[in-house]
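Here are my notes on the two-chain model you sent over.

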Amino acid sequence: MYFKMIKVNRQRVTASIISLLFLVAAGQAFAEVAVVANKGISVDSVTVKEAKKIWLGKTKSLGGTSVKLADLPKGNASRDHFYTSVVKKSEKKLKAYWAKIIFAGKGSPPKTFGSDAEVISWVASTPGAVGYIESAANNDSVKVLMISK
Amino acid sequence: MNKKLVCLSSVPLLSLALSAPMALASGWTDRTTVSGFYSARYSITDEAAYFNGNRNIGINDDGSFQGTKLGLTVTTQIDDDLSVAALLMSAADEDGFATHVDWAFASFRLSDDFTLRAGKLKFPVGLVNEYVDVGVTYPWISAPILLYTEQAAGAQATREAYTGASLLWESDIGDGDWSVGSDLFFGQVDLENMTVKGVLGVTLRTTWDDVLELQASSYRGTMHTDAMMNAMMAAMDEREHSATLLGAKIDWNNIVAYVEAAQVEMDFTMMGRTVGNSDSWYATLGYRMGKFLPHVTRQEWERDNGANHQISTLGVAYSLSDSVVIKAEQSRIETDNFATAGSGLFYSTPASGSTDMTSIAVDVIF
């Protein structure tokens, strides 16, 4: 009986560990992305459509402040989520979209940073700056305008 | 919430570590972006007469690297509303591999929707003309030449650049997928033996996401020829040059299509005939299959005096990555009436009315 209980418990523990691993994996795959802004921007929230227009360079100011955009590098999970779910453009289409603007001299693409921490640091210290980060990386130095799940 | 608390403890340290170099780099270098493009091209025909240029750069049966080029754009944001930008380009042309300032201008944002620009600007006429040297942005090796050439022997529907000013309006309708805009421009176009002065024009455009783009342009100016040109074509001096263009581009699911037409009028006659007026158009249809984009194009151009070309092209563009595209094309250039109405874009009279051209290219942006 004692050995049987231990066997059952082992099975439960194994099942629990597997479940936990799945949860962690799911959490990684569906990490929330937060659109964050410099606290000087008077706007407190944006919609998905508004965020799309901002990152395509169509919306040039928020609450009267000129926006400056931050990006994460290609291959970053938050970037993949942001451009798939919010901007809804593939990397190839995005590259072609900005090429037409850059080489016509009509604008510059978002500034690319290496990590969430770098984005937060730049957004916090740059008037008009907006960026997106994994929401778990957020701190109180910037304000959240939108969460994309 | 817990996740947030765990990460909060590490972020301030990272922020502190990164803020020092960021602060040091907050000068003009921090506000300047540099981007570039490169194209390597090779074309060969089965005809001894040079096509689209003289013996230095034109394409004939000896082959040509015409279209090979390197471009660098530099954009500096002076403040929230003022920026300056320039494109330096080295291209294989009639002078060898010469470097020139393709465009250089200042932009002042008047409001969210209006921008005033002044300097040497890209001519905003033609669907792809503002980025016509950047091959990655379109499926062809070169933008359709019967509409996009500014050679005196061709359509002259659009130009490379003008010096002057532009009032740009860009806005969007509803939730932002529909964009509308206009470009009201004024200035002069400097060509090798001619200056087109008092150029006044407008381009209207609308786009729906990446799917549909419609564009209409109209402009006029007065041609002023130099002494050398006057010796040959005095009739052109101080006469009006005008053009109207309509274009549409569709990129829907896997279908890529372009159609564009231009009507050009040059108000002068030679031996009682208007020789500068011409009509040109092209249509392209492509179907994206993974990384491959096979496409067909038909182009036609005809002047009032009967000079004409028709070009049919079968091509394929292969995307090696988001930034590199390899292209190959086979074209047939047909020319009627060349014995009586001139040889059009051929530098001298071709041996026959049908010329085959093979071209390969690599286009890169960085």
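1. One term before we start: I call two residues "in contact" if their C-beta atoms, placed from the backbone, lie within 7 Å. By that rule, and leaving aside neighbours within four places in sequence, A:Phe103 is in contact with B:Phe37, B:Thr73, B:Leu87, B:Tyr131 and B:Val134. A:Phe103 also belongs to the largest nonpolar core, which has 61 residues; together with A:Ala99, A:Phe103 touches the most other members. There is a second, separate core of 32 residues, and A:Val86, A:Val87, A:Ile133 and A:Val142 are among its members.

2. Keep in mind that this is a predicted model. The predictor gives the complex an ipTM of 0.85 and a pTM of 0.85. For chain B the mean pLDDT is 89, with 93% of its residues at 70 or more. The stretch to treat separately is residues 1-25 of chain B, where the pLDDT is below 50; beyond near neighbours in sequence, that stretch has 25 contacts in the model.

3. On to where the chains meet. Chain A puts 31 residues into the contact and chain B puts in 38. On the chain A side, the elements that give two or more residues are helix 2 (48-55), helix 4 (91-102) and helix 5. Which of them gives the most? That's helix 4 of chain A, with nine residues. By residue type, the chain A side splits into eleven nonpolar, nine polar and eleven charged.

4. Now chain A as a whole. Its secondary structure comes to five helices and seven strands, and from the N terminus the order reads α-β-α-β-β-β-α-α-β-α-β-β. Of the 149 residues in chain A, 40% count as buried. If you take contacts in chain A between residues at least 6 apart in sequence, 68% of them join residues at least 24 apart.

5. The sheet in chain A is open and has five strands, in the order 5-4-6-1-7, with mixed pairing. Strand 5 (111-112) and strand 7 of chain A are the edges, each pairing on one side only. Further in, strand 4 (residues 68-71) and strand 6 of chain A run parallel and share two bridges; A:Lys68 has A:Ala129 in strand 6 as its bridge partner.

6. Two chain A helices deserve a look against that sheet. Helix 5 (residues 116-125) is mostly covered, with nine of its ten residues buried; A:Ile120, A:Trp122 and A:Val123 are among them. Helix 5 of chain A lies across strands 1, 4 and 6, at about 155° to strand 6. In helix 3 (residues 77-87) of chain A, the buried residues are A:Ser78, A:His81, A:Phe82, A:Tyr83, A:Val86 and A:Val87. Those residues pack against strand 1 (33-37), helix 2, helix 4, strand 6 (129-134) and strand 7 (143-148) of chain A. Just after helix 3 of chain A comes A:Lys88, with a positive phi of about 60°.

7. In chain B, follow strands 14, 15 and 16. Strand 14 (residues 278-287) pairs with strand 15 (residues 292-303) in the antiparallel sense over nine bridges, and B:Ser278 is bridged to B:Arg303. Strand 15 of chain B is also antiparallel to strand 16 (residues 308-319), this time over eleven bridges, with B:Glu300 opposite B:Gln310. Both pairs are hairpins with four residues between the strands. Each has a glycine with positive phi: B:Gly290, near 65°, between strands 14 and 15, and B:Gly306, about 100°, in the turn between strands 15 and 16.

8. Last, check two chain B residues with positive phi that are not glycines. B:Gln156 has a phi of about 55° and is found in the loop between helix 2 (145-148) and strand 6 (161-173) of chain B. B:Glu238 has a phi near 60° and lies in the loop between helix 3 (227-233) and strand 10 (239-252) of chain B. Is each one buried or exposed? B:Gln156 counts as buried because it has 23 C-beta neighbours inside 10 Å, whereas B:Glu238 is exposed, with 12 other C-beta atoms within 10 Å. The cut-offs used here are 20 or more for buried and 12 or fewer for exposed.

Notes. Residues numbered from 1 in each chain as written. Chains lettered and ligands numbered in written order. Predicted model: local features only at pLDDT ≥ 70, side-chain atom pairs only at ≥ 80, totals over all residues. Pairing = 2+ DSSP bridges. Nonpolar A, V, L, I, M, F, W, Y, C, P; charged D, E, K, R; others polar. pLDDT = per-residue confidence, 0-100. Axes fitted to C-alpha atoms, helices over the stretch in contact; angles between N-to-C directions. Core = buried A, V, L, I, M, F, W, Y, C linked by C-beta atoms within 7 Å.
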